[in-house]
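Take a look at the model below.

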There are 2 protein chains.
Amino acid sequence: MRNVTQDNITDVFLGYFGKETDPRMREVMESLARHLHEFAKEVKLTHAEWQTGIAFLERMTEFTDAERHEFVLLSDVLGLSSLVDMINSNPQGTSSSVLGPFHITGAPDIPLGHDMKRHYEGEVLLACGRITDTEGEPIEGAKIDIWQTAPNGLYSSQDPDQDTYSFHGIQTTGADGKYGFTTVKPVSYTVPTDGPVGDILTATGRHPWRPSHLHYIVTAPGYRQLVTEIFPDDDPYLDQDTVFGVREDLVMKYVEQAAETFPDGYELSGNIAEQYLMADFDLKLVEEGG
Amino acid sequence: MRNVTQDNITDVFLGYFGKETDPRMREVMESLARHLHEFAKEVKLTHAEWQTGIAFLERMTEFTDAERHEFVLLSDVLGLSSLVDMINSNPQGTSSSVLGPFHITGAPDIPLGHDMKRHYEGEVLLACGRITDTEGEPIEGAKIDIWQTAPNGLYSSQDPDQDTYSFHGIQTTGADGKYGFTTVKPVSYTVPTDGPVGDILTATGRHPWRPSHLHYIVTAPGYRQLVTEIFPDDDPYLDQDTVFGVREDLVMKYVEQAAETFPDGYELSGNIAEQYLMADFDLKLVEEGG
């Protein structure tokens, strides 16, 4: 087309596609380009703003490597990651929530009742629950991959003072579907703000805080993988998670328990002074294809 | 918001903005996020597709440095660069067209009639015209920054066999507004396809060709800068420029001229066998603020 105009450019773009293009590729690229074009026309994007955008993307490259995933963070703070979670959630199961950039593979297997707290200071939390199907029936042989920050708000991969797999572990359920471990109460923390994504937060007057949470990935044969987080209902950032991860059904309650009720079968290094917290939260998996 | 849903996430995103946010920043980010969210919902983007997108962006970083601007190329092949050109064009002046990634600063001043062809093989082209205002009145003291590929289809910055400023030069107009130089007929060429942008072209069955063209940046005190290209009407890729740069008013005609008509005042190393080509093209500038 030698006469490309503002009005026909999206059609010209689509007209360039080869006939053999995969239909899903065509669908995704068509929608992406149309929305990108509509965005530029709607705001009458200037050359200077376009250049700012290109410079932003080029600066993203300086903050991207095998350890740091600034584009994931960008998707997170724009709400795209959470939106993809919600689009692909089945309301019969537990909601999914952002994976975030701090999951690491190869965490050790840990037994039911394992102590992840070890020598770390902080309030003792006993987190437990059952992994079930959508009818509430326990699933045997489900695996739950657990991770959280240390009391300093850092994940092990961010913190040279932690072991590689500190506050990481994988449990496998028995016939009763139960999981459970001892840990420290998670803390609210900020996403990294030293890169270009931090600049977006600053420019739009946003804070970088996430409410405290426990991360879980739950898998079981015959069921869809569940990537999620659970949040205590008393966290001050619950209503303003900077990555939009909170869902109503992922909010749980810390119940204060007297020290002497600490159950058998749960490990704990050190003593509980007066009380500990308990978070009992069931996770519902949806069958594959559901 | 603890109950973020597919339906309210764009509003929740906007609700996070600080009150002091610059209004234009708010406008641009609001539109960008809304279109990004609508895109994801419209195509029901899957987690696997989101991961493909993140991996694509992370691979973009491997092809981005001070010399190579893969994000500019991405914007070009998606039609965004051309759309920004058109949004900001004033129809009273010559249309603007993509800058592309190969402009370099510091090109030498060259006199009217300068020979850019030198020892290179190829058909002789005499490119000339006038730089005028929208009324067609010549502009004195306008500067025209000229660049093109060598006959091998490579710009000097891509080609170790060329001098830094080969096929680059800047002319300044006199009272008659005239510019003019001798060169070789430009050739069609392909954009770089070894990076992730090349993968998009392949996946959508698109070719990487651009029609042959001459690049100009024209500046004059009191006038808006014009970044443009002109294209010969006989180029086979005129109707399928992979970066959407062609506009109807940027198409020109090569007129065949007998060798003996070659004008005084134009330099040329070597002889013209029988004929040369002439491209006479006026460039109209719009006043500043217009």
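Predicted model: local features only at pLDDT ≥ 70, side-chain atom pairs only at ≥ 80, totals over all residues.

In which sense do strand β2 (residues 124-132) of chain A and β5(A) pair, and over how many bridges? They pair in the antiparallel sense, over seven bridges. Strands pair if DSSP finds at least two bridges between them.

Residues are numbered from 1 along each chain as its sequence is written, while chains are lettered from A and ligands numbered from 1 in the order in which they are written.

Stay with β5(A). Strand β1 (residues 114-115) of chain A also joins β5(A), by two bridges, and these strands run parallel. Here His114(A) has Phe181(A) as its bridge partner. Strand β5 (residues 178-184) of chain A has six of its seven residues buried, so it is largely enclosed by the rest of the structure. A residue is buried if 20 or more other C-beta atoms, placed from the backbone, lie within 10 Å of its own. Strands are DSSP runs of E with at least two residues, and helices are runs of H or I with at least four, numbered from the N terminus.

Now move to chain B. An open sheet of five strands runs in the order β4-β3-β8-β9-β10, with mixed pairing. Its edge strands are β4 (168-172) and β10 (251-252) of chain B, each pairing on one side only. Inside the order, strand β3 (residues 143-147) of chain B and strand β8 (residues 214-219) of chain B are antiparallel, with five bridges. Ile146(B) has Tyr216(B) as its bridge partner in β8(B).

Next, the domains. Chain A splits into domain 1 (9-67) and domain 2 (73-284). The bounds come from an automatic or database domain assignment. Over C-alpha atoms, the centres of the two domains of chain A are 35 Å apart.

Finally, the two chains together. The contact takes 66 residues from chain A and 66 residues from chain B. Residues are in contact if their C-beta atoms, placed from the backbone, lie within 7 Å. On the side of chain A that touches chain B, α2(A) gives the most, with 16 residues.

A rotation of 180 degrees, with 0.0 Å of shift along its axis, superposes chain A on chain B (RMSD 0.1 Å). That is the relation of a two-fold axis.

Terms used: Least-squares fit on C-alpha atoms with pLDDT ≥ 70 in both. Contact = placed C-beta atoms within 7 Å. Buried ≥ 20, exposed ≤ 12 C-beta atoms within 10 Å, placed from the backbone.
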